[in-house]
Amino acid sequence: MAEDMQINPQRAKVLAENIASISSRVNAASKGGKQVRLIAVSKLKPATDILALHNPPTQHLHFGENYVQELLEKSRLLPRSIRWHFIGGLQSNKCKQLAEQIPNLWCVSSVDSAKKVDQLEKGRKALAEGDGAGEDKLRIMVQVNTSGEENKSGVEPGETTELCKHIIESCPHLKLTGLMTIGAIARSQAATEENENEDFITLRETRDKVVKELGLKEEELELSMGMSADFEGAIRQGSDEVRVGSEIFGERPAKKDAVVLEKTEQGQS
Ligand SMILES: *Cc1c(COP(=O)(O)O)cnc(C)c1O
C-alpha cells in the first residue's frame, strides 16, 4: 500500500519542479482566468512517481492511464483521493471491469462506440448497487477521430452527436462531459501561433455542432485536446483539459519494461 512505498526524494523534487513548470505554462496560455485541467499522464511510470506528485506539497489530483490492467493495479495501491482518467485504447470486453472495480475512476476519455458505452454503464451500475453506492456518475468523453487516419480510434465527427445522445438518453450511471482528440502528429508539428492545428479546429466545430443538435450549453461539453508537444496551442484554441506525460515524467520505458512497483532493497528481502 501507499504507506509502504519508498519515494526517492531526488526523484520527487524533479517531478514537483516539472509539474510546477507545466502548470505555470498552462496558466500562462489560458486567457481570462479560465481554469484548464492538467492531467498528468503516468502510463508505464511507477506508482511511486504518482504518489510523489499526489502527496503534499504538490497534491496533484488528476492522473491519466492507458492500460486497464496497469490502472487496476495502481488504483489498488494508491490513495482513493486520486482522480483517475482512462485515456487509452479501450476494448469492449474490459469496459465493465474498468467502470466497476475502480471507484475513484473519474473519467473515461476514450469512448468511441455504443457497445463500449453500454458496458461502462453496466459496470458503473453494478458498482452503485454494490459497495460503491453514493459514487459520482462516471464521466465520459467521446473520442473523435479528427484527423481521419485509419489507425486512430475515435468516432467520425459526423457520428459524434448520435453517440453523445445515446449516453445522455440511455445511461443513468454515466455523465457525458466532453469530446477528446489525439490528432495527427504532422498537424501538431505544422501548427504555429498563426496557423491553428486543424485537428483542434475540427474538435471545436464538432463540439459546436453537438451542442446545437442536442440543445446543450457550450460549457456542458468540454474539449480535451493537447499533449506534451502541443498543449499551449490547444489551450489557445479553447481546450479545457490537457493531457501531459513525457514533459512531466520524462521518456517512457517500453511497455515490456514498465513496472508498477519498483524493487527496493527492502522489497527484495
Ligand atoms: C500518452 C498519451 C498522452 C501523453 O503524451 P505525451 O506526449 O507524453 O504528453 C496524452 N493523451 C493520450 C491519449 C495518450 O495516450
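Q: Where does Gln59 lie?
A: A quick note first: this is a predicted model, where local features need pLDDT of at least 70 and side-chain atom pairs count only at pLDDT 80 or more, while totals for chains, interfaces and linings use all residues. Residues are numbered from 1 along each chain as its sequence is written, and side-chain values use heavy atoms, with hydrogens and water left out. Helices (DSSP H or I, at least four residues) and strands (E, at least two) are runs numbered from the N terminus. With that in hand, Gln59 lies in the loop between α2 and β2.

Q: What is phi of Gln59 near?
A: Most residues other than glycine have a negative phi. Gln59 isn't a glycine, yet its phi is positive, near 50 degrees.

Q: Which residue has a cis peptide bond from Pro56?
A: Most peptide bonds are trans. The one here is cis, with omega near 5 degrees. The bond runs from Pro56 to Pro57.

Q: Is Leu44 buried or exposed?
A: Leu44 sits in the loop between β1 (37-41) and α2, and has a positive phi of about 65 degrees without being a glycine. Buried means under 20% relative accessible area, exposed over 50%, and partly exposed in between (1.4 Å probe, protein chains only). Leu44 has 9% relative accessibility, so it counts as buried.

Q: Which side chain does Asp49 join in a polar contact?
A: Asp49 lies in helix α2 and is buried, with a relative accessible area of 3%. A polar contact is a pair of N or O atoms within 3.5 Å; within protein, one must be able to donate a hydrogen and the other to accept it, and residues adjacent in sequence count only if both atoms are side-chain atoms. At 2.6 Å, the partner of the Asp49 side chain is that of Arg11.

Q: Which residue has a polar backbone atom 2.8 Å from an oxygen atom of the ligand?
A: Side chains take part too: a polar atom of Lys43 lies 2.8 Å from a ligand oxygen, and one of Arg243 lies 2.9 Å from a ligand nitrogen. For the backbone atom, at 2.8 Å from a ligand oxygen, look to Gly245.

Q: How many residues of the shell around the ligand are charged?
A: Ala, Val, Leu, Ile, Met, Phe, Trp, Tyr, Cys and Pro count as nonpolar, Asp, Glu, Lys and Arg as charged, and the others, Gly among them, as polar. The residues around the ligand (a heavy atom within 4 Å of it) include Lys43, Arg243 and Arg252. Five in the shell are nonpolar and four polar, and the charged ones number three.
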